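Student: I would like to go through this structure with you step by step, and I will ask about one feature at a time.

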Amino acid sequence: MNYNWRRRDFLKKTSAATLAAMAAGAPMSGFLGSCSSKDKIKSSADTVILLYMAGGMAHTETFDPKKYTPFRKGMESKEVLSTFPSVPTALDGIQFSEGLENIGQVMDRGTLIRSYVAADLGHILHTRHQYHWHTCYEPPQSVAVPHMGSWMAKELGPVNPVIPPFINIGQRFTVGEGEELKAFHSAGFLGSEYGPFLIPDPTSGLDSVRPPVGMSSKRFEARNQLYERLVQESAMGEFGSDYQKESLKRSMEQAYRLLNSPEAKAFDLSQEPKEKYDVYNTGKFGLGCLMAKRLTEQGARFISVTSEYEPFVGWDTHENGHTRLVDMKKLIDAPIAQLVKDLDESGRLDRTMIIVASEFSRDMLTEGRPGAKVKDQVEVPDIIDDMKNYGMHRHFTDGCSILMFGGGTKRGHVYGKTADERPCKSIEKPIKIAALHQTIYHALGIHPETNYEIEKRPFYTTPDGEGEAELDLLA
Amino acid sequence: MKFRRTDIFWLTAVVLLCVGLGDGLLAAGLQEAAEGNEPFWLWKFMGRLHPLAVHFPVSLLLFAALLELFTLKNFNHKLRPGIDLLVWAGVAGAVLSASLGWILATVEDYGGSILDVHQWTGIATAIIGLLLIYFLRKTDEGRNLPAVKAFRSVLFVSAIGVSVAGHFGASLTHGEDYLTSTFPWTEEEYAPEDLKVDLVAFEGEGDLSEQKQIELVGKVRAVFAHNCYKCHSDAKIKGELRLDEKDYVFTGGESGPVIVPGESDRSELVRRIKLPKDHKESMPSKGKVLSSDEIALISLWVDRGAPWPDAASEVSEYRVAELAPRRPNVPAPREGLAQPIDIWVDEYFQENSIAWKEPVDDKTYLRRIYLDIIGLLPSPEEYAAFQKDTRPNKRAAWVETLLNRNDDYATHWMTFWNDALRNDYTGTGYITKGRFAITDWLYTSIRDNKPYDQFVKQLLNPTEESKGFIEGIRWRGDVNASQVTEMQAAQNVGQVILGLNLKCASCHDSFVSDWKLEEAYAFANIFADTTLEVSRCEKPIGKKASTKILWEELGEIDSTANRKEKLKQLADNLVQPANGRMYRTIVNRIWKQLMGRGLVEPADEMDNIPWSQDLLDWLATDFEDSGYDLKQLIYKIATSNAYQQPSVGIDDPLLLTDDDFVFKGVVRRRLTAEQFSDGVSKYIHPIFEKEALKYDPNELAVSEEASMPFARASLVANNDFLKALGRPNREVVSTNRDSQASLLQALELTNGKTLNEALQDGAQKWKEKYEDGDIIIHETYRKLLGRDPHQSEFNVAMEVLGEDPSPDAIQDLFWAVLLLPEFQLIY
């Protein structure tokens with residue numbers, strides 16, 4: 001590992017981190033006790049970057065294309081499997097949908113899963129499936145459930161003590177289903193210490209880690225000094241140590257250190273050379289990828305960059321599926337490919353796992369899955385006359401694609417398969433969320449039986465510790 | 001040093017021979033293990049010779065190394081022939097025991113990291129041993145000096161090697177801490193406090209009396225319950241073994257009986273709980289190993305014939321609190337202590353040899369009661385008036401005044417009740433009408449000090465306005481059987497109203513209490529239109545439960561009645577005085593709100609032991625006598641001497657829920673998000689615009705106060721600022737706020753927009769109003785901390801502000817003072 005902070009800095013920071021970890025180790029509530037795990041797992045990753053395709057990304061239109069049927073008036077809905085032609089990738093015999101050429105070209109550095117099967121949760125609600133994807137638990141639950149990033153933050157702590165261990169980039173919570181989104185962007189019972197550091201908009205990400213708007217760094221420095229001196233002079237000194245006071249002081253120090261550290265520049269995208277910035281700059285998502293790259297360079301633990309969920313926007317195509325996807329591919333193709341390349345070239349990809357995923361897929365006809373169809377939410381005419389009906393508009397849970405790069409995943413590997421004819425469902429090596437989570441935790445060296453006792457019940461990273469790490473995905 | 005061809009040939013031959021032998025054996029052993037057959041007896045026998053064989057190389061090589069020290073000056077010392085012999089025998093022993101060890105590891109179920117270390121150090125030692133022989137032969141009776149040096153180095157290395165391998169081997173059989181556990185400074189890894197068993201009482205000649213037998217098996221069942229039920233009970237039946245009922249225990253599992261009464265040596269269960277943690281067959285396979293006390297207890301029980309009288313099964317292995325109310329007689333008043341609360345605490349103090357301290361000063365007391373009763377900081381004027389008040393009963397009088405500020409009181413307690421009843425102004429489920437707010441009902445109920453029995457009745461048998469609590473949250477789609485809204489209601493009523501955890505039992509028979517799956521369903525059926533089908537761990541079992549309250553003593557529910565009628569019966573039955581548990585639960589919660597720690601902790605687990613049963617019981621029955629008057633309860637606690645003791649700091653939040661917790665006074669807490677915000681809003685600048693109010697009590701027709709001077713935080717929707725400061729997502733009921741600061745919180749306070757803007761606006765306002773630095777510093781301290789700054793504080797602040805401070809400087813002073821522990825803590 002060759003992060004670019006100096007050893008002395010690091011030592012200074014680690015001692016602070018140890019203190020922080022001690023504070024953090026003291027759980028927020030008494031009925032929370034940690035487990036003991038038997039064997040240590042050798043980790044293959046330090047950092048995880050989740051690139052989330054919010055709203056349901058159709059596998060047949062992206063990483064698992066089927067027979068292309070061009071648009072023509074009067075065509076039958078049922079004949080449409082893909083609305084784009086296929087293009088070759090760096091892997092022999094593996095094709096992607098048109099518009100994803102750049103990602104295709106780096107596919108020899110990663111693993112393509114073509115057989116993810118999402119849960120059956122009845123009448124579909126995106127945020128409910130997203131909750132399930134990110135926490136591995138189906139809502140509602142009787143205790144507050146932690147996000148996967150919070151588990152990592154709790155179990156592994158930060159990589160670099162000044163960079164928050166769980167950073168969430170790109171999601172606003174003022175959109176429709178905002179409250180539902182909030183429900184899983186949470187550390188749950190692990191305590192707010194492990195919650196997400198939210199950066200709704202990467203272009204103003206720096207605002208989150210610099211002194212308040214309008215405050216010079218000199219004034220910021222002076223303000224902090226004033227605080228520290230007043231703490232010293234304060235009458236509270238007589239009360240001796242107790243954890244609230246100590247944790248308060250410590251967290252203030254940490255915040256000050258982050259806001260004042262050179263690493264905070266990782267949040268400043270303007271520091272990036274223009275040529276590189278331009279490659280990434282396909283929009284908010286692309287810039288999120290750039291920020292993820294910069295944060296990884298400074299030592300981040302878990303970063304989630306989302307294309308942002310907003311009902312009927314982005315990947316949530318209830319109509320105009322084809323035309324919308326042209327834009328969505330433009331949004332993700334270059335930055336994802338560039339992120340893989342940049343991290344690979346700097347050698348960081350070896351210990352950084354990039355995951356590209358979505359809560360479920362889409363299909364033109366099937367809502368839910370074959371055999372367990374659920375209430376339709378989109379009218380799909382049998383005959384398509386209008387371009388707006390050309391696309392994958394229903395929610396499909398039985399076959400989705402996931403990409404994984406680095407962090408110990410195989411290079412140039414394809415896992416699982418979906419049928420070439422409708423329903424294009426997983427027919428080989430179906431993999432579910434619990435196994436996926438356990439695989440990621442395994443790569444990070446988090447034991448599958450990691451659990452906390454909450455309200456007298458053991459609460460595992462996956463329900464009852466279910467799901468086995470799929471070692472076939474790892475090198 | 002020169003190598004001769006013959007030497008190399010010789011060495012290679014030996015190595016190959018050994019490797020070949022080992023491989024052959026391994027292959028054979030492996031094959032059998034892989035096929036899952038019982039390994040050939042000879043391999044097993046040879047494998048088990050390993051622990052015997054290992055002692056030779058360890059002692060021989062160590063001794064050889066020791067003797068070698070005497071020959072350092074003269075290689076051809078008279079000890080030489082003996083040393084050579086020791087080396088030869090030691091190496092032979094090392095090779096042999098490495099091979100035997102390999103067999104042992106292969107044919108029997110060892111595993112884990114210790115095994116790996118042991119295995120490879122063992123093999124390495126054997127190989128190094130061969131090298132040793134090689135150099136020994138090369139020494140040429142001391143004439144080949146380099147070879148002598150090599151020989152000696154290798155000898156010492158192998159001596160260390162066998163020792164290390166031996167150590168790890170011992171760790172494998174005896175457990176990692178076999179040696180270190182004898183050190184006085186090594187803490188027991190797991191020694192449950194509640195296992196206070198005097199084993200001696202069960203030893204000795206003759207049969208145990210039935211009473212003794214019941215007692216003994218009770219202890220054993222408690223160990224099973226806490227350590228084994230997770231995988232061996234109704235919920236999960238691993239290896240076809242259940243340990244939760246007598247018949248199952250003696251039937252055993254897939255490999256036959258696990259207990260041979262009278263013979264712990266031959267009992268599979270005893271064998272496996274004694275195995276070291278790394279052993280594949282070690283039990284419990286997940287989590288902590290049993291403590292030596294627990295193992296001794298179970299062994300003793302088996303040796304005494306594993307007695308299990310049928311009557312034992314009626315005794316619970318869990319502590320169950322009394323349901324009925326209890327009215328302890330209050331001891332006679334004593335000097336200076338007239339309040340029953342204080343008399344009970346005095347009893348407790350005497351038992352625990354704790355001395356009363358001087359009550360806190362006026363300023364501390366006033367701040368406490370303001371924050372605890374109405375959630376606001378006293379103003380400088382109020383501090384002054386209180387100080388000037390000379391009435392002997394002024395503290396009680398001020399508490400009463402605060403309790404009479406109905407709207408302020410209600411607004412403050414909304415925070416607590418919203419969390420507990422998961423009532424939110426926005427929130428999950430509203431998008432699909434899966435949730436109902438009870439805000440209007442809740443606010444008016446608190447403000448009007450609705451008697452608690454009525455309060456509960458209206459929650460359980462609700463009107464449109466109060467139905468949200470039992471209607472729960474309905475997400476779109478299909479939900480788990482244990483999370484249907486009827487079951488949510490059963491769980492939440494259990495947790496919040498009854499201090500009872502039904503969450504386990506709503507999925508399977510609980511293994512942390514006696515509650516059974518069917519009892520949870522029977523309770524949930526009260527909230528259902530029809531009768532729910534019972535599911536165990538999400539699988540329907542083709543059965544329906546009856547319709548019952550958890551305790552028969554509280555009366556019956558007519559299972560044929562409609563929901564409305566069932567709910568009415570439930571409400572009437574639960575609130576009757578006979579339900580002492582419900583009233584203990586609420587008085588404990590209120591005590592906790594004011595004292596920082598309940599008499600029972602966690603406050604949701606009322607079967608736990610209170611630190612004073614008498615006080616808890618007295619509070620609950622007194623509450624009943626007062627007509628379930630929450631304000632009176634708060635009044636009594638807030639005016640007690642116990643409440644007025646100096647606050648106690650806790651160094652580790654875990655101590656708060658510790659069974660050994662000792663009450664000495666109010667436990668220091670942090671301000672809630674709402675108290676912090678209101679402090680800023682009241683004295684510096686409103687943090688929230690009036691428009692942010694999600695609930696405006698002034699819109700109630702019967703509101704008393706004309707308007708609020710600022711939007712109080714408990715009435716606005718949750719937002720990043722409040723969330724960072726600890727206001728929970730009200731997805732699940734929450735009866736406890738995290739008191740610990742975090743980085744995200746500090747960041748929000750340090751550069752978050754919400755606070756920064758309020759302070760900026762406030763600074764502007766103050767500049768216009770006060771102008772002068774001197775005044776501003778004094779006013780800041782007086783308003784936020786209730787006191788004047790000390791000279792040293794004043795000087796520090798003055799350095800930054802100067803005579804004519806800029807708004808920026810004023811803002812920075814606000815900020816620094818707000819972040820002081822003195823502001824942020826309730827002390």
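Predicted model: local features only at pLDDT ≥ 70, side-chain atom pairs only at ≥ 80, totals over all residues.

Student: How many of the residues of helix α3 (residues 126-135) of chain A are buried?

Tutor: Residues are numbered from 1 along each chain as its sequence is written, and chains are lettered from A and ligands numbered from 1 in the order in which they are written. Helices here are DSSP runs of H or I with at least four residues, strands are runs of E with at least two, and both are numbered from the N terminus; a residue is buried if 20 or more other C-beta atoms, placed from the backbone, lie within 10 Å of its own, exposed if 12 or fewer, and partly exposed in between. Helix α3 of chain A is mostly covered, and the number of its residues that are buried is 10 of 10.

Student: Which helices of chain A are included in what covers the buried residues of α3(A)?

Tutor: The buried residues include A:H126, A:Y131 and A:W133. Contact is judged by C-beta atoms, placed from the backbone, that lie within 7 Å of each other. What covers the buried residues of α3(A) includes α4 (148-156), α5 and α11 (433-444) of chain A.

Student: Is A:E177 buried or exposed?

Tutor: A:E177 lies in the loop between β7 (166-169) and α5 of chain A, and its phi is near 60°, a positive value in a residue other than glycine. Because A:E177 has 20 C-beta neighbours inside 10 Å, it counts as buried.

Student: And is B:E240 buried or exposed?

Tutor: B:E240 lies in the loop between β2 (236-237) and α8 (246-251) of chain B, with phi near 55°, a positive value in a residue other than glycine. Because 12 other C-beta atoms lie within 10 Å of B:E240, this residue is exposed.

Student: Which element supplies the largest share of the side of chain A that touches chain B?

Tutor: The contact takes 71 residues from chain A and 72 residues from chain B. On the side of chain A, α5 (178-184), α6 (217-233), α7 (243-260) and β21 (457-460) each supply at least two residues. The largest share of that side, 11 residues, comes from α7(A).

Student: How are α29(B) and α32(B) oriented to each other?

Tutor: Helix α29 (residues 753-770) and helix α32 (residues 807-818) of chain B pack at an angle of about 120°, with their axes 8 Å apart; axes are lines fitted to C-alpha atoms, for helices over the stretch in contact, and angles run from 0 to 180 degrees between N-to-C directions. Angles under 35 degrees count as roughly parallel, over 145 as roughly antiparallel, 65 to 115 as roughly perpendicular and the rest as oblique. The pair α29(B) and α32(B) is therefore oblique.

Student: Is B:W398 buried or exposed?

Tutor: B:W398 lies in helix α14 (residues 394-404) of chain B, and it touches B:I369 and B:F386, not counting residues up to four places away in sequence. Because 24 other C-beta atoms lie within 10 Å of B:W398, this residue is buried.

Student: What pLDDT does chain B average?

Tutor: Over residues 186-194 of chain B pLDDT stays under 50, although the model has 11 contacts beyond four places in sequence for them. In chain B 90% of the residues score at least 70, and the average pLDDT is 87.

Definitions and conventions
Contact = placed C-beta atoms within 7 Å. pLDDT = per-residue confidence, 0-100.
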